[in-house]
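Work through the exercises below with the sequence and the model side by side. Try each task before reading its solution.

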Amino acid sequence: MRFCYRCGISEEEGGPLIEGLCQVCYRKENPVLLIGEEVNTELCQNCGSYKKRGVWVDPKSYELEELIFEVAENALLEELEDSFSEKIREYEVVSPEELEEIEDLPVGMAVVSFEPLDFHIEHFPAIIVYEVRVKARTHELQRELHDERKRVTVYVRQTVCPRCQKFLGGYFEAILQVRAEGRPLSEEERKAIGKLVEEKVDEIMRKDRMGFIQDTIEKEEGLDFYMGSTSSARKIAQAIRERFGGTISEAYELVGLDRQTSREVYRTSVSVRIPKFRKGDIVADRRGNVYEVERVDGKGLTLKNLENWESEHLDWKTAKREKVDTVEHEESEAMVTSVTPGEVQLMDMESYETYELNRPPFEVREGEVYRMVHVGRRKYFRGKK
Ligand SMILES: [Zn+2]
Ligand SMILES: [Zn+2]
């Protein structure tokens, strides 16, 4: 006859013995839930982020009560994971109701549930008392599962995350400059770019927490965005070029030495220069053909030839090769007074002077008023009034 060496009960009564212990003493001597009574954690008072496995992450919820529970539960779960007995190889988190129902488990497996018993979250540190319960099997001869409960108090304190420390300290890593070629940015462009940048930053910030805009400076010639990360500035510059066309360049400025590493610290300026041309501009190419700009984008230009009103698309390379550039011109309005097979007679709507032009290869009717473009001495039909 064998007896439990701890309590002396016979194997017949309290067995089968495991490692010389009766069933009850085996469970007592081999607890699975080794978590301490206190867990400390913190969240950023500025952005609500908290550390998950050592990395600052944005919360799922920004509603304060939900946020505090999210942070507390994350800390509790991380602590739990690190403090199971070494006999546990695998665990699963379930609801207290589900845990209640579980009667058997494979060796090495634990199930854990937790629920808040009490909490004070009106001010910091927020305090939440959880009841944690675990069922587990650590030996195949166990008749009953380990079933352990513990009260764990989680303290959630406030701090400022490293990102927000930098942000609040006025930190920026790069300047994104948005300009237009040979002219200041227009009001509409400023608005459209501002909106695009905002959307893009929201997208970037989901992955790059340093992608913030520290400051936006309106300059006469364009916009400067002070950015928390260079990669964010580059991504936004690309998005602007995709939408508006243009070129991107970078420059580096030595701003000092890092006191800790004594390495030189550079600041990057990312410049995106959008094209000179805008929709509605009158341009000419190297052969003297006159066009109205119908569309400008990242790929190139769509131009309406004012000779025949046909549209053509030029990529930026071709536009450069063809020396497309804005051309000095005047505008007027004129009414068609007569149409002959070869000519059109028009009357200027301001001076009432009349003049003749070759009949264009599109339909014009008497009585219609046209917007006209004058380049040098030549006149073109731009469109119907
Ligand atoms: Zn015993
Ligand atoms: Zn923060």
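The exercises cover a metal site, some backbone features and a sheet.

This is a predicted model, in which local features need pLDDT of at least 70, side-chain atom pairs count only at pLDDT 80 or more, and totals for chains, interfaces and linings use all residues. Residues are numbered from 1 along each chain as its sequence is written, chains are lettered from A and ligands numbered from 1 in the order in which they are written, and side-chain values use heavy atoms, with hydrogens and water left out.

**Exercise 1.** Find the protein donors of the zinc ion (ligand 1) and state their arrangement.

Solution. Step 1: donors are N, O and S atoms within 2.8 Å of the metal (3.2 Å for Na, K and Ca); water is not among the atoms, so sites may look incomplete. Step 2: the SG atoms of Cys-4, Cys-7, Cys-22 and Cys-25 lie 2.2 to 2.4 Å from the zinc ion. Step 3: along the chain these donors have the spacing C-x2-C-x14-C-x2-C. Cys-4, in the segment before helix 1 (11-14), and Cys-22, in the loop between helix 1 and helix 2 (23-29), are 18 residues apart. Helices here are DSSP runs of H or I with at least four residues, and strands are runs of E with at least two, numbered from the N terminus. Step 4: the four donor atoms subtend angles of 104 to 116°. Four donors count as tetrahedral if all angles lie between 85 and 135 degrees, so the arrangement is tetrahedral.

**Exercise 2.** Are Cys-4, Trp-309 and Lys-323 buried or exposed?

Solution. Step 1: buried means under 20% relative accessible area, exposed over 50%, and partly exposed in between (1.4 Å probe, protein chains only). Step 2: Cys-4 has 3%, so Cys-4 is buried. Trp-309 has 23% and is partly exposed, while Lys-323 has 57% and is exposed.

**Exercise 3.** Locate the positive phi values of Trp-309 and Lys-323, and a cis peptide bond.

Solution. Step 1: most residues other than glycine have a negative phi, and most peptide bonds are trans. Step 2: phi is near 60° in Trp-309, in the loop between strand 15 (300-305) and strand 16 (311-315). Phi is near 55° in Lys-323, in the loop between helix 8 (316-321) and strand 17 (325-326). Step 3: the cis bond joins Phe-124 and Pro-125, with omega about -5°.

How values were computed:
Tetrahedral: all angles 85-135°; square planar, octahedral: opposite > 155°, others 65-115°.
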